[in-house]
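My notes follow in the order in which I worked.

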Amino acid sequence: MKHRIVVLGAGYAGAFAAGNLARRLSPADVEITVVNAVPDFVERMRLHQLAIGQNLGFRKLADVFAGTGVRLRLARVTGIDPVRRTVAVTGDDGDGELAYDTLLYALGSAAAHHGVPGVAEYAFDVAGRSSALRLRERLAGLGAGGTVLVVGEGLTGIETATEFAESRPDLSVALAARGELGAWLSPKARRHLHQAFDRLGITVHEHTGIEAVEPTRAIAAGGRSIPADVTVWSAGFAVHPLAAGSGLEVAETGQIVVDRTMRSVSHPNVYAAGDCAYAIGENGRPLPMSCASAGFTNMQATAAIIARLTGGEVPTTGLKYYGNHISLGRRDAIFQMVDGEVRSKSWYLGGRIAARLKSGVLKGAGWGVAHPTFGMPKRQRRLAGAPDRAGVRVSA
């Protein structure tokens with residue numbers, strides 16, 4: 001019987017991981033199944049562009065995995081039984097159950113509401129395609145002079161505010177920041193950021209925590225009202241409670257606690273990658289939820305799975321950040337280098353060159369997902385104990 005690998009989620013982490021496993025493990029020994037709720041690969045890093053009305057081409061996952069040997073199951077995961085090693089799913093073809101020998105959990109994250117009243121009812125976000133399309137429809141119907149408030153001064157908030165202001169100069173765009181805008185950047189990069197906001201006409205409300213969202217305004221601390229025909233919530237991410245409810249050991253964030261190889265500390269047949277993994281970086285702190293973390297963790301998880309299945313030594317891949325790359329519309333960006341403690345260095349790159357670099361990163365990530373087994377070796381690795389063509393058992 002083949003070793004059954006089930007990958008939950010086909011975002012940046014899951015799609016890359018499935019392709020990597022298919023590229024490096026022999027189909028004679030393994031069966032790889034990817035479970036995803038939607039039929040397309042969603043470029044999450046570009047959803048703010050989708051929301052403002054730009055046309056993005058979506059790649060069908062069936063086309064992505066065609067010819068790779070990876071099976072695609074379009075369904076939503078409703079439960080995991082790590083004792084029986086099964087995953088419960090529901091989709092257009094009804095409810096079902098998938099058995100696994102190795103599970104890679106890569107279901108990502110959603111917008112974190114932080115319990116703020118009115119966010120669920122009245123705010124929009126760009127954390128998923130369906131929510132970005134809902135925001136797109138609302139913005140399309142917003143006339144000149146309409147007010148948009150972006151809540152959150154992180155990378156998503158900055159990219160969303162600048163993209164909206166550049167694409168829709170007829171709107172009044174503002175950003176609410178709990179602290180200082182770009183406080184983590186080097187002085188020169190911070191100055192570049194503020195100049196970009198000034199150039200685009202974005203109003204910044206610094207040291208402003210939003211305590212409630214209403215249909216046409218947001219309420220800040222102290223009762224101050226900020227007009228907002230549309231409130232876009234980008235104040236962090238949260239994971240689904242599925243992992244915690246399944247009995248896997250999780251952190252306070254709900255992320256799966258993993259060891260250095262992205263293996264669950266409570267269930268050795270389960271690995272996690274992307275936003276749902278509580279992984280400790282080389283600086284001793286948890287990796288932030290980000291696309292970069294998805295890359296680090298999926299490479300480590302797949303390397304560990306392959307090594308353990310084929311009897312090899314488990315390698316460790318780097319878990320170190322080198323910089324933050326922030327789009328400021330289509331023609332401007334900031335690339336900020338950081339040190340081992342993720343503190344900004346004095347050097348940064350800004351302007352059109354940085355924008356072209358960011359565009360290249362996005363295109364490269366999309367191309368990589370669209371070609372998941374690019375460079376597939378002619379001879380893939382057999383599992384330890386599997387017979388070779390001569391009938392001899394493979395020992396390593």
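For this entry I took a salt bridge to be a side-chain nitrogen of Lys or Arg within 4 Å of a carboxyl oxygen of Asp or Glu. I kept in mind that this is a predicted model, and my search of the whole structure returned 18 salt bridges.

I first looked up Arg71, whose side chain meets that of Glu31 at 3.3 Å, N to O. This pair links distant parts of the chain, since Arg71 is in strand E5 and Glu31 in strand E2, 40 residues apart. I noted Arg71 as partly exposed at 48% relative accessibility, and Glu31 as partly exposed at 24%.

Next I checked Lys60 and Asp40, which form a salt bridge at 3.2 Å, N to O; Lys60 lies in strand E4 and Asp40 in strand E3, 20 residues apart. Lys60 is partly exposed, with a relative accessible area of 42%, whereas Asp40 is buried at 7%.

I then found Arg84 paired with Glu97, their closest N and O atoms being 3.0 Å apart. Arg84 sits in the loop between strands E6 and E7 and Glu97 in strand E8, so the pair ties together parts that are 13 residues apart in sequence. I also recorded that shared partners join Asp40, Lys60 and Arg129 into one network of salt bridges.

Finally I turned to helix H7, residues 187-200, and listed its buried residues as Ala189, His192, Leu193, Ala196, Phe197 and Leu200. They cover an arc of only 135° around the axis, which puts them on the same side of H7. The face turned away from that side carries the exposed residues Pro187, Lys188 and Asp198.

Definitions and conventions
Residues are numbered from 1 along each chain as its sequence is written. This is a predicted model: local features need pLDDT of at least 70, side-chain atom pairs count only at pLDDT 80 or more; totals for chains, interfaces and linings use all residues. Side-chain values use heavy atoms; hydrogens and water are left out. Buried means under 20% relative accessible area, exposed over 50%, partly exposed in between (1.4 Å probe, protein chains only). Helices (H or I, at least four residues) and strands (E, at least two) are DSSP runs, numbered from the N terminus. The arc is that of the directions from the helix axis to the C-beta atoms.
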